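Thanks for coming. I will go through one model this morning, starting with the backbone and ending with the ligand.

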Amino acid sequence: MLKTIDGFDRIGEENAFAVLARATELAQSGRDVINLGIGQPDFKTPDHIVEAAVKALRDGHHGYTPATGIAPLREAVSSDLHKRYRVETDPGNVLIVPGGKVTMFMAILMFGEPGAEILYPDPGFPIYRSMIEFTGARPVPVPIREENDFAFSAEETLSLVSDRTRLLILNSPANPTGGVTPRAEIEKLAAGLEALPHVAILSDEIYSQMTYDGTEHVSLLEFEDLRDRLILLDGWSKTYAMTGWRMGYSVWPDTLFDKARKLAVNAWSCVNAPAQFGGLAALNGPQDAVRDMVAEFDGRRRLIVDGLNAIEGLSCKTPRGAFYAYPNIRSTGWKAKDLASALLEEEGVATIGGPDFGTMGEGYIRLSYANSSENILAALDRIKNFLNFNSLKT
Ligand code: PLP
């Protein structure tokens, strides 16, 4: 028997991919499936981005690039951050990485080991916990509550920090809830963290450009006093509909940058060269496609929230960011994963059960509205019919 490290007994994965596989299987067998399970924009990458990547290949950019990314792209990330948050970021601290996930992988590897504690949002992106467990560190969930509009609470977060805490993971706008933490709460958290200099912060801001109703996204980058221990995670996947390109970036403090660079050299050498030129065109080119996509998501968000709230047994807070609705299903009497599975098998509607995002997820399901309004309306009809006939409430 081959003996691998114990971490593999603990590593998890993302159930969204299993749901996608099952939804595809059902569709291939002839079933009419509406996929509200997967978290990726249903738009095409804008043409000028695709053209820039094709041109890069034609121009001969098919070799290795520096492990940290091509210089103009790192500079473009710095200018973009300045434009959006009015903060200075040295391009020398920007690392171009293959997708958003990679930054969390590196940061958790850097700080996780037996005896250490890492705080992460629950419900939250499942890879946080999976990777923490892999390293042998103790995962400490920070509850994200509906009564707090799915924002994180500064007070509760700070109360969970111990001497053993190495890393705090934050995510706003959030997956799976669509919650956006308001400025006052983030300021309170930042002030509290000043007294806890042993804690590094990983701020996952992959949905930074997807907020609605004029809701402000506050980047942790704004807090100058935290910059020497802040890792920013962002990327192109969601903003520019580029999930399959695997393009992300992180901003690292001086003391960590070289460790991250070495991990990059050891693992992937550099990000796909033409994809980096696509990423450059995305940041430097027109942003109307981003605005149009967010406006379209906004319309669907209203549609899905109104539709869910009109179904007996469901209640759904209006999400202020990302592209997920996260209704409370408790009054139906169903367990969340059973309901998600029944909706897929019996009605052909793919959703994800809340427990796939953490223990706090029981009582909720996640629906991605990265699908057409027509499909969303059809899915809502099917969910309504299903619950009419299958309410477990006595
Ligand atoms: N962070 C969060 C909160 C996400 O929801 C996702 C993707 O769903 C990612 C990171 C990963 O993004 P990428 O596809 O760029 O790796």
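This is a predicted model: local features need pLDDT of at least 70, side-chain atom pairs count only at pLDDT 80 or more; totals for chains, interfaces and linings use all residues.

Arg 86 sits in the loop between α4 (71-85) and β2 (94-97); helices (H or I, at least four residues) and strands (E, at least two) are DSSP runs, numbered from the N terminus. The phi of Arg 86 is near 60°, a positive value in a residue that is not glycine. Most residues other than glycine have a negative phi, and most peptide bonds are trans.

Residues are numbered from 1 along each chain as its sequence is written, and side-chain values use heavy atoms, with hydrogens and water left out.

Next, the cis peptide bonds. One joins Asp 122 and Pro 123, with omega about 5°, and Pro 123 is in the loop between β3 (117-122) and α6 (126-135). Another joins Asn 175 and Pro 176, with omega about 10°; Pro 176 is in the loop between β5 (165-171) and α8 (183-193).

Now the domains. The assignment, which is automatic or from a database, gives domain 1 (7-44 + 288-386) and domain 2 (48-284). Their C-alpha centres are 25 Å apart. Domain 1 puts 40 residues into the contact and domain 2 puts in 39, contact meaning heavy atoms within 4.5 Å.

How much area is buried between domain 1 and domain 2? About 3,200 Å², with 59% of it from carbon and sulfur atoms; this is the accessible area (1.4 Å probe) that the two parts lose on being put together, summed over both. Lys 317, Arg 320 and Met 360 supply 20% of what domain 1 buries against domain 2, more than any other three residues.

Five salt bridges are counted between the domains, each a side-chain nitrogen of Lys or Arg within 4 Å of a carboxyl oxygen of Asp or Glu. Asp 213 forms a salt bridge with Arg 301, the closest N and O atoms being 2.8 Å apart. On the side of domain 1 that touches domain 2, α1 (7-10) and α11 (288-309) are the elements giving two or more residues. Of these, α11 gives the most, with seven residues.

Last, the ligand. A polar side-chain atom of Ser 237 lies 2.6 Å from a ligand oxygen. For Arg 246 the corresponding distance to a ligand oxygen is 2.7 Å, and for Tyr 207 it is 2.7 Å.

Key: A polar contact is a pair of N or O atoms within 3.5 Å; within protein, one must be able to donate a hydrogen and the other to accept it, and residues adjacent in sequence count only if both atoms are side-chain atoms.
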